[in-house]
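Hi,

Here is the structure I said I would pass on.

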Amino acid sequence: MTRSTNSILRYLLLIALGLVMMYPLLWLFASSFKTNAAIFGSSRLLPDTFVWNAYTEGWKGTGQYGFQDFFINTLFLVIPTVVLTILSSVIVAYGFARFSFPLKTFLFSVMIATLMLPHASIMIPRYILFRKLGWLDTYWPFIIPSAFATSAFFVYLMIQFLRGLPRDLDESAIIDGCNSFTVLTRVLLPLCKPAIFSVGIFQFIWTWNDFFNSIIYISSVKKFTVSLGLRLSLDASSAVSWNQVLAMSVVSIVPCVLIFFFAQKYFVEGISTTGIKG
Amino acid sequence: MKKTKVLKCLLIALFVLPALISGCASGNDSGSAGADDGKNVTLRFSWWGGEDRHKATLAAIEAYKKIAPNVTIEAEYQGFDGYQQKIKTQLASNTAADIIQLDLPWMRELTSKSDLFLDLGSQPGLSLDGFEKTLLENFGTYNGKVQALPTGVNAYCLIINKSLMDKLGIPSDIKWDWDTIYEEGKKLHEKDSSKYLLLADHGILAIDFTNMLKQRTGKEWIDDHYTLGFTQEEAAEALAWIDKALKAGVYQPLGESDLFFGKGEQNPKWINQEIPMTFAMSSLYITQTSVLPQGTETITALPVIAKDAKDTSVLVRPSQLLAISKSTKHPEEAAKFMNWFLNDPEAALILGDVRSIPASKPSQEAAVKAGKINAEISNAVELGLANAGIVDNEIATNSEIDAILQEIIEKVSYGKASPEDASKELIEKLNAKLKELQGRN
């Protein structure tokens, strides 16, 4: 008896907390069917009159290009960036975690130092560098650096994870005939799945939502990503159809939510398997 | 085994790819903005705005193709967020568009350190005749050169929900002064405690305060010599009025209205028609009134001016400015386009009021005649131009000065300091800051 009331209470609490956390999303979704006056004028979730065309109208975008273009652009930017980030971070992290080479500690501290640099201080030199390379108004400023493990955070994350894997695994693999490369691909990579997935998910969501870097490097509206497209028509001195903006916000978070739901089991799975089996 | 092969290929690709890309990229670097037969010209034009402005500007660019078929104009448009940072980055590294839309508050900084823009006064294809001299002198001329031209004119005004005023029995066709607005506001709030006469956040209250000072003294409130244009007594009096008005319910309490700082149109009391009036620049008229139910009648009027005012203090300023980047490869063509864009009646008809009332006379006349301009915005700008007050100098609009002013206004509004004490503190802080600012130059 007490146990069941206990669990009922626990569930109620969890449901209440869940609703609190979900409310902004629910509001976002519900508000995409409201008029401007209803969005700002009342705090109720459901409007008196529904506006149904926010999704179709919003999808058309403003001016020459619509959200179809923005979504395709974003995929062109995000997918290579994520894949290359994973590949490069794993390789660099493997080097730091398993090999000793001259200046290792120095190089490691340099890498960690780049983590501490404030973004604002590197913006202008980076911009000038990319201009000299002729990469402005293309996606290369995002894709190419990711192939060289420039996200110190991800490299560090992978290093920490690899350090947690026992070296005995490597040694036994070497006895079985592996070289240093196959140790990585056949033994360590499968065990790294959870870390790799977290790198992938984070990089996906961050790149997908990134506004500031995109606006600095991309000038042509033709090449705009979703996050730029969303704010294309936001200006203080003109009437904004907020329901369309909110509708497109709903659409644009869908990929992030999907990725998270489908990949999240790998977060947990695998952590328990990092051991030596008899 | 297969897996390793795939991985090896990927690895090789990883290191070869960048080399290939950078090879290609350096090849087409110069081609993008150059002319291929000496006649065909590509110009880049960047601006920020909302949906209406994007559509109208793109249509104007399309129309320009007929006038100058050899000129292609690449549009780089976006919302306001991030625009300033982007433009500054581009200007710092010589990659800015040929024609750039700029905002007035950035101009001082952009023109003081380096020479970024063309002298528009000496461009043969560009006529400045249509622009009012004072407007060009006050807002477009820096270091003795016309560096930017106003796209349109905005004026500070009252935005009034006339339907609501009629319903509440408050006259909406009178010239407000500080006494009448206080009396009416007090009466309204006493009759119905959920209603207030005026919508204002601390930014608007700060403008009210400086307006009161300017009207009383007839001088800039901080002059060019880094000295204050008012006495402590005058400041205390103005603050006392704000304090009195807030206590009487003329304004919505600041704690509620400041939740929507800078976004008055999102304030539920305004949307639900419990506040009938607000102060704003005329360009915000559409935003501010678009949230009201259909059929609501809204009008604009002169802002509050004291009965015995020595200066009206009505602010008139360009909505935005257009400049031509010094690094442009085609200054002539850019100037010609700008001339058409700002002066030509045909362009004015396409653009309407998306950049407020056109600043150039021929454009303005054409657009007004064709009914392309909202009558209420036009009314506000006309009133503003006819009653224009002192133009604030650069020191008075400095962001650090502004921060001090807003802090004092907030202290008084939240009842943390009496008008007496607050005015004393204001003068002390301003004098210290002015000394510091003067020392920096």
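A residue is called buried when its relative accessible area is under 20%, exposed when that value is over 50%, and partly exposed in between. Keep in mind that this is a predicted model.

With that cut-off, F204(A) is buried, because its relative accessible area is 9%. W208(A) is buried as well, at 3%. These two residues form a stacked aromatic pair, with 5.5 Å from centre to centre and 20° between the planes. Both sit in helix α11 (residues 193-209) of chain A, and they are four residues apart, so about one helical turn separates them.

F40(A) belongs to helix α2 (residues 36-41) of chain A and W242(A) to helix α14 (residues 242-268) of chain A, so the pair ties together parts that are 202 residues apart in sequence. As for cover, F40(A) has 16% relative accessibility and so counts as buried, while W242(A), at 24%, is partly exposed.

Over in chain B, ring pairs join F45(B), W47(B), Y64(B), Y77(B), F337(B), W340(B) and F341(B) into a cluster.

I also found charges sitting over rings. In chain A, R163(A) lies over the face of F108(A), 5.4 Å from the ring centre.

On to the strands. Chain B has an open sheet of five strands, ordered β2-β1-β3-β12-β6, with mixed pairing. Its edge strands are β2 (71-78) and β6 (149-150), each of which pairs on one side only. Further in, β1 (residues 41-48) and β3 (residues 99-102) of chain B pair in the parallel sense over two bridges. If you want a residue to start from, S46(B) has I100(B) in β3(B) as its bridge partner.

Last, the surface of chain A. Which residues make up the nonpolar patch there? They are Y11(A), L14(A), I15(A), L19(A), M22(A), Y23(A), L25(A) and L26(A), and together they have about 790 Å² of accessible area. One of them, L14(A), lies in helix α1 (residues 2-31) of chain A. L14(A) counts as exposed because its relative accessible area is 52%.

Cheers

Note on methods
Residues are numbered from 1 along each chain as its sequence is written. Chains are lettered from A and ligands numbered from 1 in the order in which they are written. This is a predicted model: local features need pLDDT of at least 70, side-chain atom pairs count only at pLDDT 80 or more; totals for chains, interfaces and linings use all residues. Side-chain values use heavy atoms; hydrogens and water are left out. Two strands pair if DSSP finds at least two bridges between them. Patches are made of residues with over 30% relative accessible area and no salt bridge: like charges are joined within 9 Å, nonpolar side chains (Val, Leu, Ile, Met, Phe, Trp, Tyr) within 5 Å. Accessible areas come from the Shrake-Rupley method with a 1.4 Å probe; for residues, only the protein chains shown count as cover. A salt bridge is a side-chain nitrogen of Lys or Arg within 4 Å of a carboxyl oxygen of Asp or Glu. Buried means under 20% relative accessible area, exposed over 50%, partly exposed in between (1.4 Å probe, protein chains only). Rings of Phe, Tyr and Trp (its six-membered ring) pair if their centres lie within 6.5 Å; planes under 30 degrees apart count as stacked, over 60 as edge-to-face and the rest as tilted. A charge sits over a ring if NZ of Lys or CZ of Arg is within 6 Å of the ring centre and within 35 degrees of the ring normal.
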